[in-house]
Amino acid sequence: MAIMINGAAVAAPGDARVSLLDLLREQLHLTGTKVGCNQGACGACTVLVDGERVLSCLTLAVQADGRSVTTIEGLGSAESPHPLQAAFIKHDGFQCGYCTPGQICAAAAMLREAEAGMPSYLTADLTAAPVLLSRDEVRERMSGNLCRCGAHNGIVDAILEVAAEHAA
Amino acid sequence: MSRVQNVVVGSVRTALGWVPAQWLPGGTPDPLIERRAAIGRQASRLDGPQKVAGEARFAAEVAMDRLVYATLVHSPVTRGRITRLDTAAAEAAPGVTLVMTHRNMPRLGTLPLIGVSDLTAVGNSSLPIMQDGEIRYNGQVVALVLADTQEQADHAAGLIELDYAAETARTRFAEAKAGARTPASILIDKNHVSIGNAERELASAPYRVDYLYRTPGQNHNAIELHALTVAWQGEQLLVHDATQMVAASAAALAKLFGLKKDDVRVLSPFVGGGFGGKGLWDHQILAIAAARLAGRPVRLALSREGVYRIIGGRSPTEQRVAIAADAQGQFTALVHTGYSVMPPYGACPEQYTMGTRSLYRARSVEIVQRHIDLDIVPNTFMRAPGEAIGTFALESAVDELAHAMGVDPIELRLRNLPERHPISGAPFSQHALGQAYRDGAGRFGWERRKAEPGTRREGEWLIGLGCATGSFPYARMPGANVRLTLHADGTATVSCSAQEMGMGTATVQVQHAADRLGLPIDAITFEMGDSALPAAPMAGGSCQTASIAGAMAAAADKLIGELLRLAGNDTPLAGLRAGEVRFADAGIAGIAAPARHETFRSILARAGRETVSVTAAGSMPLEFLKFAMHSSSAIFCALRVSGVTGEVRVDRLLGSFDCGTILNPMTAASQFRGGMIMGLGLALTEETLFDERSGRIMNATLADYHVPAHLDVPEIDVMWTGIPDPRSPLGARGIGEIGITGVAAAVANAVFNATGKRVRELPITLDKLL
Ligand code: FES
Ligand code: FES
């Protein structure tokens with residue numbers, strides 16, 4: 001078997017201790033995925049596995065065997081950005097840019113979660129699908145991604161803009 | 001800092017008081033204050049596309065052949081010495097190339113501590129680095145392992161056997177107060193200021209407040225971990241580091257390792273947040289030494305716990321603020337004294353009384369800071385060191401006094417704003433705090449505040465509004481250099497070793513260069529983050545922008561002379577002298593006769609030059625010794641406190657700033673907001689929990705140290721007076737730190753307004769409100 005990473009097949013590492021994060025950064029040099037804690041507390045390492053957001057620091061690379069992983073590099077590039085990447089620039093949703101790939105990957109998955117009707121602790125109607133994303137809904141759903149530069153307002157604005165485009 | 005320094009700075013200030021302003025830097029206002037095109041425009045970050053795509057390359061992301069990975073072992077003991085050390089199992093573990101301990105660590109000197117006189121002195125600690133078996137603080141590094149993979153290094157680090165003989169350590173703040181030291185100066189200011197007899201004024205005043213305020217230690221917690229990738233090539237050293245001080249680190253490392261300055265190259269084009277924490281610490285020295293011993297390039301990234309253990313944060317403080325006022329509300333006494341931790345092997349004095357020195361006038365003043373010595377990782381500067389927590393104490397006290405007098409707290413502040421600097425007597429270069437308050441109060445809706453606390457309730461929630469003043473001094477660093485290069489195609493490159501940690505350094509300096517040189521933005525390239533470029537100062541003290549701007553202005557002056565020389569006589573400019581021309585429309589034009597103009601392209605083509613390049617240093621920053629140059633702000637907060645759980649939810653936060661010219665409204669607003677959000681953490685959740693029994697930090701993780709998360713952060717409104725400072729390059733003062741100042745007090749004052757409970761100890765957690 002193999003791990004599909006941004007569409008390319010990669011063999012799972014021989015050393016079972018290697019996290020998905022370290023496989024990406026140290027072995028494949030896909031350094032767009034960041035590391036802020038290595039213990040599941042900051043969200044900087046967020047990637048998509050089969051479309052769902054996971055913390056790659058808490059995922060062993062071998063657990064991704066047979067699955068499809070999308071990193072920030074797979075979402076878009078500087079030349080042809082994903083709508084979320086473009087919206088982050090427009091709303092200044094970052095400063096140092098270090099938490100940013102994790103925020104964007106998390107947001108991409110989060111928009112799909114809301115669309116599928118997955119409730120958060122702020123969702124009043126647990127059966128509504130899709131969930132209407134209020135500002136606070138976005139904040140709650142993005143709270144696993146820390147930003148120390150304090151770009152929170154811009155991040156939420158960027159996500160809301162893309163959510164509105166989705167809905168339109 | 002010494003008594004000698006007090007005398008020197010004091011006499012320079014006195015002498016400058018006599019010197020006419022026009023002789024000094026900033027004496028004639030920067031012409032760009034009047035003539036702005038790119039500056040002041042909303043512009044997206046130039047490095048935005050790279051950052052959002054994950055293409056910006058950080059220090060731990062540089063690929064190298066034969067790279068080995070490092071893991072550190074930290075002491076669990078606070079004071080003592082190593083009695084047994086067995087590295088055999090670790091050395092035999094798979095993939096291991098080196099185990100380094102004090103036994104085989106190369107013998108090195110210590111780093112000169114950060115200081116104001118030597119710009120290459122950037123050490124945060126003067127303790128020996130792995131030179132002996134002594135343990136001097138909890139978390140000190142005792143061993144380093146290198147292996148082919150991180151997993152192998154981590155595993156082997158766990159195989160090192162260590163025994164310690166523990167000794168009694170000084171770990172208790174209250175006990176250590178008895179032995180506190182009183183330094184002669186705090187940074188460049190005299191520490192102890194005593195005007196009139198404040199205690200007597202306090203005793204006799206009709207109104208007074210006199211309380212102790214406490215603030216805990218905090219950590220910077222930049223999301224990027226401290227990391228470097230380092231390689232030796234013979235006697236040459238290449239360091240990719242996450243650092244706020246590119247040029248100074250390179251110089252300091254050269255000295256420490258006995259290398260020629262040009263043989264050390266530090267590269268740091270992007271830093272994933274710094275806030276004062278990304279300086280020169282033990283880990284860089286250890287990784288470089290290990291790379292030398294192993295003969296292999298090394299990558300060392302600290303664990304998050306490691307950052308807490310060996311990178312100091314903000315010092316805890318205990319501050320006394322007492323204010324007395326007469327019947328008209330004029331301050332008759334202002335007292336700000338206190339204690340913070342600064343061990344003798346550290347250098348950062350947590351200057352919490354600095355804001356107090358410039359904000360209010362009072363008939364009598366008593367200010368002094370005392371340093372406590374604990375066995376602890378040395379503290380360092382953290383975003384608005386001093387002011388962030390000093391304004392908490394001062395501005396809580398002002399609010400308490402206003403309440404005691406039955407006066408609106410804004411009104412009380414406005415009654416006591418000084419005309420000149422209250423202590424030095426120097427004139428302000430520009431100061432519009434009153435306007436910032438009036439504008440902010442209007443936009444915020446301050447008039448809706450109920451003066452009587454605890455009277456607005458909505459269901460479970462008690463509602464309160466509060467405000468407070470923020471403040472931060474202007475600084476410009478000496479030794480800032482910029483190279484300007486014009487190319488034959490009419491474009492320009494600006495080069496210096498500056499650092500980018502999210503401030504938008506390149507973006508703003510490109511805007512500046514465009515206006516300075518009369519070029520469009522897309523004709524300018526900015527190179528930075530490399531010690532091989534002309535040395536820029538460190539990113540700190542909110543002074544990088546002004547320092548580089550001053551150097552660029554000096555380089556532009558030099559470039560004019562150079563271009564006139566190249567242009568010769570066969571030009572419409574012939575006969576004009578440097579003072580009679582300026583940059584305009586991609587070339588040079590006469591000031592009086594703008595029609596006399598020649599483009600850069602044409603001048604270079606005629607001279608047969610591919611490029612023309614000049615390097616210049618900024619003038620000595622004497623302006624801030626002659627003038628009182630301070631930014632200030634009015635912070636407004638609206639919040640709810642749950643009557644059931646004591647939980648505080650901040651609903652609105654507004655910052656109204658007086659910081660000179662705003663160079664890029666988009667990036668400036670982000671910096672203000674970022675500072676204010678860190679202020680929310682300071683107010684409500686952030687605390688480095690220090691176990692006074694053991695001397696160990698208990699919450700060394702991002703799960704246990706709560707920085708504001710998305711749901712904690714409301715919409716943050718920012719505004720500014722935008723009045724240029726006639727004494728600074730571009731009319732700008734720094735904006736990176738002021739955002740955090742005043743926020744904790746605004747929150748505490750709003751909590752009081754909501755509940756009637758006065759919390760004088762940060763953070764304001766639920767238990768303090770129940
Ligand atoms: S690095 Fe994975 S959550 Fe922080
Ligand atoms: S942009 Fe720096 S941590 Fe979010």
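This is a predicted model: local features need pLDDT of at least 70, side-chain atom pairs count only at pLDDT 80 or more; totals for chains, interfaces and linings use all residues.
Asp375(B) sits in the loop between strand S17 and H11 of chain B, while Arg170(B) sits in the loop between S6 and helix H5, so the pair ties together parts that are 205 residues apart in sequence. Arg170(B) itself is partly exposed, at 40%.

| Asp163(B) | Arg84(B) | 2.9 Å |

Asp163(B) in strand S6 and Arg84(B) in strand S2 are 79 residues apart. Glu305(B) and Arg309(B), in contrast, are four residues apart in helix H9, about one turn of the helix. In this pair Glu305(B) counts as partly exposed at 34%, and Arg309(B) as buried at 6%. Over all chains, the count comes to 53 salt bridges.

Now for two helices of chain B. H11(B) is mostly covered, with 17 of its 19 residues buried. Where do the buried residues of H13(B) fall, seen down the helix axis? They include Leu433(B), Tyr437(B) and Phe444(B), and the buried residues fall within an arc of 160°, so they line one face of the helix. On the other side of H13(B), Arg438(B) and Gly442(B) are exposed. Just after H13(B) comes Gly445(B), with a positive phi of about 85°.

Terms used: Residues are numbered from 1 along each chain as its sequence is written. Chains are lettered from A and ligands numbered from 1 in the order in which they are written. Side-chain values use heavy atoms; hydrogens and water are left out. Buried means under 20% relative accessible area, exposed over 50%, partly exposed in between (1.4 Å probe, protein chains only). The arc is that of the directions from the helix axis to the C-beta atoms. A salt bridge is a side-chain nitrogen of Lys or Arg within 4 Å of a carboxyl oxygen of Asp or Glu.
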